[in-house]
Amino acid sequence: MAAQKINEAHEHIAKAEKCLKTSMTKWKPDYDEAASEMAKAAVAFKNAKQFEQAKDAYLKEAEYHTDNKALFHAAKAYEQAGMMLKDMKKMPEAIQLIEKASIMYVENGTSGTAGIALDRAGKLIEPIDLEKAVDLYQKAASVFENEDRLRQAAELLGKSSRLLVRLRRCVFKSIRISVRLLIRHTENPAHTGCIFLFVFVLVFINDNLGGNICTRHSLYFQNSSNHAVALSIAVFWSVFVQYAKLAISLRVPGGGGGKKKKSPVAPQGGSAGLPPAKEDDDYEGGLC
């Protein structure tokens, strides 16, 4: 069966090469037909489990589509070549081809397909390279935001935030952008979930003042009908597990040994009777 498929693939390659030849009656190569034959060769190699040869055939198909100025089909062929590399356990090389395909999708004016491809690439690389996955999710979010597909952008930033927490990296920017996008997505209740995550991270790094300010700026939303269902939104739950892991490591102030610490006694006279100085509000004007 495998041998038959391999022979079939080589027949399609021969036909593709014939399509590229010119003569007195054929002045231009037939790139469209050559690409079609090469795609058939790639499928035959794939069915025979010859992934290296299938990858090469898809790359040739992409080349012919590019010569024919059919960028969308060229991008699809690059994606398929990347999937062959994935099957060969060559994930970084696979991701490079998928990223190349996403660029061609954007050039072709099909940015939504580019975002989907980048999201797919992020899922593929996430088990072995969290940093690269974060990069891909953020790129995909940017593509969707430019397309005004704000919910998809916010969900991808949620994925990015979850991975940044696992990497113990700063996640403020990612969460703040998520909040901004969700506010623009009219009446989206996930805003509360993202605000909660932002406050949680601030508290985790002992920035209690920042957490209080962040909460104050978001209280107006809690009286809306959307607040009750906020915790059911996918954007919140997609990162909840990682934040729950952080919660385990949070320490309660004054909890050491179960002994209650005495409150410090203010010295007599001097500034003891003065009210505490007003703290600067780094978030004055709102988060978004």
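## Asparagine 146 and helix 7

Asparagine 146 lies in helix 7; helices (H or I, at least four residues) and strands (E, at least two) are DSSP runs, numbered from the N terminus. With a relative accessible area of 64%, asparagine 146 is exposed. Here buried means under 20% relative accessible area, exposed over 50%, and partly exposed in between, with a 1.4 Å probe and protein chains only. Asparagine 146 and glycine 112 are separated by 34 residues in sequence, and their C-alpha atoms are 9.5 Å apart.

## Basis of the model

This is a predicted model, in which local features need pLDDT of at least 70 and side-chain atom pairs count only at pLDDT 80 or more, while totals for chains, interfaces and linings use all residues. Residues are numbered from 1 along each chain as its sequence is written, and side-chain values use heavy atoms, with hydrogens and water left out.

## Overall make-up

The protein has 12 helices and zero strands. Of its 288 residues, 41% are buried. Among contacts (heavy atoms within 4.5 Å) with a separation of 6 or more, 60% join residues 24 or more positions apart.

## Helix 6 against helix 7

Two packed helices are described by the angle between their axes and the distance between the axes. Axes are lines fitted to C-alpha atoms, for helices over the stretch in contact, and angles run from 0 to 180 degrees between N-to-C directions. The axes of helix 6 (residues 111-125) and helix 7 (residues 130-146) cross at roughly 165 degrees and come within 8 Å. Helix 6 is therefore roughly antiparallel to helix 7; angles under 35 degrees count as roughly parallel, over 145 as roughly antiparallel, 65 to 115 as roughly perpendicular and the rest as oblique. The crossing of helix 6 and helix 7 is left-handed, meaning that the near helix is turned anticlockwise from the far one by less than a right angle (clockwise would be right-handed).

On the helix 6 side the contact includes Ser111, Gly112, Gly115, Asp119 and Gly122, and on the helix 7 side Lys132, Tyr137, Ala140 and Val143. By type, the residues of this contact are 11 nonpolar, four polar and four charged. Ala, Val, Leu, Ile, Met, Phe, Trp, Tyr, Cys and Pro count as nonpolar, Asp, Glu, Lys and Arg as charged, and the others, Gly among them, as polar.

## Two residues of helix 6

Serine 111 is in helix 6 and is buried, at a relative accessible area of 13%. Beyond its neighbours within four places in sequence, serine 111 contacts Tyr105, Val106, Val143 and Glu147.

Aspartate 119 also lies in helix 6. Its relative accessibility is 16%, so aspartate 119 counts as buried. Leaving aside neighbours within four places in sequence, its contacts are Tyr137, Ala140, Leu156 and Lys159.

Aspartate 56 is in helix 3 and is partly exposed, with a relative accessible area of 37%.

Helix 4 packs with helix 5 at an angle of about 170 degrees, with the axes 8 Å apart. That makes helix 4 roughly antiparallel to helix 5. Among the residues in this contact are Leu71, Phe72 and Tyr78 of helix 4 and Met91, Leu97 and Tyr105 of helix 5. The contact residues of helix 4 and helix 5 divide into 15 nonpolar, two polar and six charged.

## The nonpolar core

A nonpolar core is a set of buried Ala, Val, Leu, Ile, Met, Phe, Trp, Tyr and Cys residues joined through side-chain atoms within 4.5 Å. The largest such core has 52 residues, and Met38 and Ile95 touch the most other members. Elements giving two or more residues to this core include helix 1 (2-20), helix 2 (31-47) and helix 8 (150-166). Helix 7 gives the most, with nine residues.

Not counting residues up to four places away in sequence, methionine 38 touches Ile13, Ala16, Ala57, Lys60, Glu61 and Tyr64.
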